[in-house]
Amino acid sequence: MGSRIRRGRRQLDRPGIAERTGVSAATVDYWHRHRAETGFPAKAGTDADGRDWWWQKDIDTFHTAHLATRATTFTVVNRSGDPRDLLTAPQAAHVLGYKNHRSLPDELLRNPDRADELPSGRLRRRWYRQTVWDYADGRPLRHSTGRPAGTGTGPRVEHPYAADPRLHDAHTLIEAARAAGTGTAGLGAQLARQLGIAERTGQRLISAALREPSRSPRSRVRGRSSASSTRR
């Protein structure tokens with residue numbers, strides 16, 4: 001439903017709150033469950049169908065305070081320099097107040113203003129200083145679109161990519177490199193180009209695949225063949 005008018009004032013249900021604040025439904029649920037810590041407002045009431053409602057004004061007040069609190073946790077941005085300067089990853093990290101380029105967010109890594117491929121296969125990314133400033137200015141408005149950490153109800157996995165279907169591609173690249181005797185250096189960048197993902201994500205997928213040699217495509221094929229032979 002989203003919203004309704006009661007006593008001349010607007011109320012919002014959970015989907016309405018998610019739409020107005022720009023967060024996921026899971027985040028709204030998290031705010032409500034942990035309202036003692038988050039400061040989420042009390043319900044205005046519950047209708048005959050069991051749908052909960054909140055006053056829109058209370059939600060707006062909460063969200064403004066929430067964004068202000070989040071903003072205090074961000075690093076201090078260096079605003080000096082020409083906005084047209086092209087920055088390397090370490091320079092962009094310095095502008096954002098990070099210790100090193102490994103802290104650069106995927107949003108920037110996936111969208112460089114310029115990218116040059118090095119002989120090693122890695123990408124040298126560059127961003128205009130203005131692009132980095134724009135990213136920093138948008139931080140208070142960004143929210144997680146998934147379930148908040150620690151609220152999952154399913155079984156724990158060994159690592160964040162344990163059930164990722166892209167591991168199949170990572171295993172394939174690793175086995176091809178080993179067969180060619182070229183080693184695994186640069187495979188993260190190669191996987192990133194192949195799948196159209198951030199190089200950092202590609203490197204993490206390769207690392208995850210290297211930790212699970214028993215799950216490689218070739219091993220799975222051999223396992224199925226052996227089982228088939230046994231059944232026959």
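User: Which residue in the turn of the hairpin formed by β6 and β7 has a positive phi?

Analyst: This is a predicted model, in which local features need pLDDT of at least 70 and side-chain atom pairs count only at pLDDT 80 or more, while totals for chains, interfaces and linings use all residues. Residues are numbered from 1 along each chain as its sequence is written, and side-chain values use heavy atoms, leaving out hydrogens and water. Helices (H or I, at least four residues) and strands (E, at least two) are DSSP runs numbered from the N terminus. Between β6 and β7 lie 5 residues, and in this turn a positive phi of about 95° belongs to Gly121.

User: How many bridges join β6 to β7?

Analyst: Two strands pair if DSSP finds at least two bridges between them. Strand β6 (residues 114–117) and strand β7 (residues 123–128) run antiparallel, and the number of bridges joining them is 4.

User: Which strands stand at the edges of the open sheet of 4 strands?

Analyst: The pairing in this open sheet is antiparallel, and the order is β1-β2-β4-β3. Each edge strand has a single partner, so one side of it is left without a neighbour in the sheet, and the two strands concerned are β1 (3–6) and β3 (45–46).

User: Which residue in β4 is the bridge partner of Thr46?

Analyst: The strands β3 and β4 (residues 52–55) pair in the antiparallel sense over 2 bridges. In β4, the partner of Thr46 is Asp52.

User: What angle does the direction of helix α4 make with that of β4?

Analyst: Axes are lines fitted to C-alpha atoms, for helices over the stretch in contact (heavy atoms within 4.5 Å), and angles run from 0 to 180 degrees between N-to-C directions. Helix α1 (residues 14–21) lies across β2 (9–12) and β4, at about 100° to β2. Helix α4 (residues 56–71) also packs on the sheet, touching β2 and β4, and its angle with β4 is about 70°.
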